[in-house]
Amino acid sequence: MGEQPPASPKNPSKTPKSPKGVKTTKPESRLAMVRRARRINRELAEIYPYAHPELDFENSFELLVATVLSAQTTDLRVNQTTPALFARYPTPEDLAAAAPEELEAIIRPAGFFRAKARSLLGLSAALRDNFGGEVPGRLADLVTLPGVGRKTANVVLGNAFGIPGITVDTHFGRLVRRWKWTDQEDPEKVEADVAAIFPKSEWTMLSHRVVFHGRRICHSRRPACGACPIAPLCPSYGEGETDPEKARKLLKYEMGGHPGQRLRPPPDYPGKPAPALGAAG
């Protein structure tokens, strides 16, 4: 018999026991997969009751801009960059009138600053000219904005407008494939497959929980399988470190006792706020 995954403790810092894990000797039925997927979601809701967007924002415009900036960088770096950006350009009208070189200098820490500056200038002008300076609350409108795709639109709709959406970023896609909810690589097909498993009311929070788990435990290169509370439900158990002590050392953010990504996290967040740009730590 192969190595079995640990149990499902609510606190991954405790040493897990070793019950039987997910069986893979015969194909899993659609019904069994859906039941397992929904159980994973329930477990994640208990593990991360404080799951939230990891971008700092005060309104829909700030969330839209921060999400565009988050491409190919960390939310932490975006959060360290946006305070100066929003202090200088608090509205779409202000940002649309920005001098490109000045804008580029402010957002340089977020990477790909020239392309992102073009997107920010374009989307701000579109908001000013086409939407009365307001961020629209429809996906069809949002995706017409420069630099805004379906993923960004769903982030804004779910977290600024309360309209359910599934956000398929690299973490989300990686985990739902590991969990065998889908075998698709295209983000829109992944979104469609996962949407068919869960009621619409769960989509936004499911996205947060899955991304939280991907950032903290189920990493891309070295998932902390031996410290994973949902290991018994995972058909990919064993892709990462299975030794509990070694796995615990791989835990990130509040799970590993380190600061999170937000400089201004929600009140119920159990971790430490991230440092400002240029601050020690």
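Student: Why does Arg-209 count as buried?

Tutor: Arg-209 has 11% relative accessibility. Buried means under 20% relative accessible area, exposed over 50%, and partly exposed in between (1.4 Å probe, protein chains only). The value for Arg-209 falls under the 20% limit, so Arg-209 is buried.

Student: What should I know about this model before going on?

Tutor: The model is predicted, so local features need pLDDT of at least 70 and side-chain atom pairs count only at pLDDT 80 or more, while totals for chains, interfaces and linings use all residues. Residues are numbered from 1 along each chain as its sequence is written, and side-chain values use heavy atoms, leaving out hydrogens and water.

Student: What makes the contact of Arg-209 and Glu-202 a salt bridge?

Tutor: A salt bridge needs a side-chain nitrogen of Lys or Arg within 4 Å of a carboxyl oxygen of Asp or Glu. For Arg-209 and Glu-202 the N to O value is 3.1 Å, which is within 4 Å, so the pair qualifies. Glu-202, at 24% relative accessibility, counts as partly exposed.

Student: Why does the pair Arg-215 and Asp-75 tie together parts that are apart in sequence?

Tutor: Their closest N and O atoms are 3.1 Å apart, which makes a salt bridge. Arg-215 lies in helix α11 and Asp-75 in helix α3 (residues 75-88), so the pair joins parts 140 residues apart in sequence. Helices here are DSSP runs (H or I, at least four residues), numbered from the N terminus.

Student: How far apart along the helix are Arg-248 and Glu-245?

Tutor: They are three residues apart in helix α12 (residues 244-248), so about one helical turn separates them. Arg-248, at 17%, is buried, whereas Glu-245, at 47%, is partly exposed.

Student: Which residues lie nearest the centre of the largest pocket?

Tutor: Asp-75, Asp-169, His-171, Val-211 and Arg-215, out of a lining of 35 residues. On a 1 Å grid over the protein atoms alone, a pocket is an open set of points where a 1.4 Å probe fits, with protein on both sides within 12 Å along at least five of seven lines; lining residues have an atom within 4 Å of a point.

Student: Which helix gives the most to the lining of the largest pocket?

Tutor: That is α11, with seven residues.

Terms used
Helices (H or I, at least four residues) and strands (E, at least two) are DSSP runs, numbered from the N terminus.
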